[in-house]
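Please look at the sequence and the model below.

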Amino acid sequence: MQKNFRPNPNSFKNTFCVFQEVTMNEVEGLKIQFESKAGSTYYYSDLGMYRFSNHWGRLANSKWRLIALEPETESKFKLGFASWNSFYPDNTIDKLYYIEADFNKNSVNYQHKNNPEYNNKALLRTSFDTTKRIKQIRNLQQLTSWAKYFDYDDIAVLRESIINELIFTNKTLEEIKKEIQ
């Protein structure tokens with residue numbers, strides 16, 4: 001019989017966490033230990049938390065993201081797992097976040113400075129500054145109209161150069177563009 005492991009209810013307030021999608025057989029035999037008003041269900045174990053939900057991202061006062069299985073499952077409801085040590089503190093004041101770009105997948109995301117994979121190269125920013133930079137990077141990734149003002153041979157190389165400057169420096173987008181022209 002499963003013992004009832006129950007974390008402190010306040011232990012998830014103001015946290016950042018990245019969950020990994022897992023298959024439903026991971027929670028076979030586990031009992032639902034909490035169900036939110038929004039319909040998410042939670043299973044707790046000694047190793048971490050399973051969350052079954054159809055919504056991820058900003059949750060009340062936390063930022064919880066799901067990395068989907070590949071190939072991605074079609075269901076809107078997904079089961080994610082996060083170990084207890086992968087919940088990091090979040091606030092709007094401190095420089096807690098850095099940006100990662102995946103040029104092969106044409107994607108960008110943010111990570112927490114406590115992530116063991118952080119190599120201290122990307123600049124740390126507040127959540128507001130991180131959001132602003134990510135929006136600029138996504139525009140560079142998805143649009144091409146901005147590139148008509150540049151003399152370039154390969155837009156992918158130009159994109160990568162500008163995006164890396166946005167990630168690794170405090171230069172504004174305007175400053176970066178002026179330096180390239």
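In this predicted model, one aromatic cluster is formed by Phe-12, Phe-19, Phe-34, Tyr-42, Tyr-44, Trp-56, Trp-64, Trp-84 and Phe-87. The charged end of Arg-51 sits over the ring of Trp-56, 4.5 Å from the ring centre. Arg-65 is placed over the face of Tyr-110, 5.0 Å from the centre of that ring.

The count of aromatic pairs comes to 18. In one of them, the ring centres of Phe-12 and Phe-87 are 5.1 Å apart and the planes meet at 50 degrees, so the pair is tilted. Phe-12 belongs to the segment before strand 1, while Phe-87 is in the loop between strand 7 and strand 8, and 75 residues separate the two. Phe-12 is buried, with a relative accessible area of 13%, and Phe-87 is buried with a value of 13%. Phe-16 and Tyr-97 form an edge-to-face pair, with 5.4 Å from centre to centre and 70 degrees between the planes. Because Phe-16 lies in strand 1 and Tyr-97 in strand 9, this pair ties together parts 81 residues apart in sequence. Phe-16 and Tyr-97 are buried.

An α-helix has 3.6 residues a turn, so residues three or four places apart point the same way.

Helix 2 runs over residues 155–168, and at 1.5 Å a residue its 14 residues should span 20 Å; the end C-alpha atoms are 20 Å apart, which agrees. At the N-terminal end, helix 2 is capped by Asp-154, with a side-chain oxygen 3.0 Å from the backbone nitrogen of Ala-156.

Key
Residues are numbered from 1 along each chain as its sequence is written. This is a predicted model: local features need pLDDT of at least 70, side-chain atom pairs count only at pLDDT 80 or more; totals for chains, interfaces and linings use all residues. Side-chain values use heavy atoms; hydrogens and water are left out. Helices (H or I, at least four residues) and strands (E, at least two) are DSSP runs, numbered from the N terminus. The expected span of a helix is 1.5 Å times one less than its number of residues. A polar contact is a pair of N or O atoms within 3.5 Å; within protein, one must be able to donate a hydrogen and the other to accept it, and residues adjacent in sequence count only if both atoms are side-chain atoms. Rings of Phe, Tyr and Trp (its six-membered ring) pair if their centres lie within 6.5 Å; planes under 30 degrees apart count as stacked, over 60 as edge-to-face and the rest as tilted. Buried means under 20% relative accessible area, exposed over 50%, partly exposed in between (1.4 Å probe, protein chains only). A charge sits over a ring if NZ of Lys or CZ of Arg is within 6 Å of the ring centre and within 35 degrees of the ring normal.
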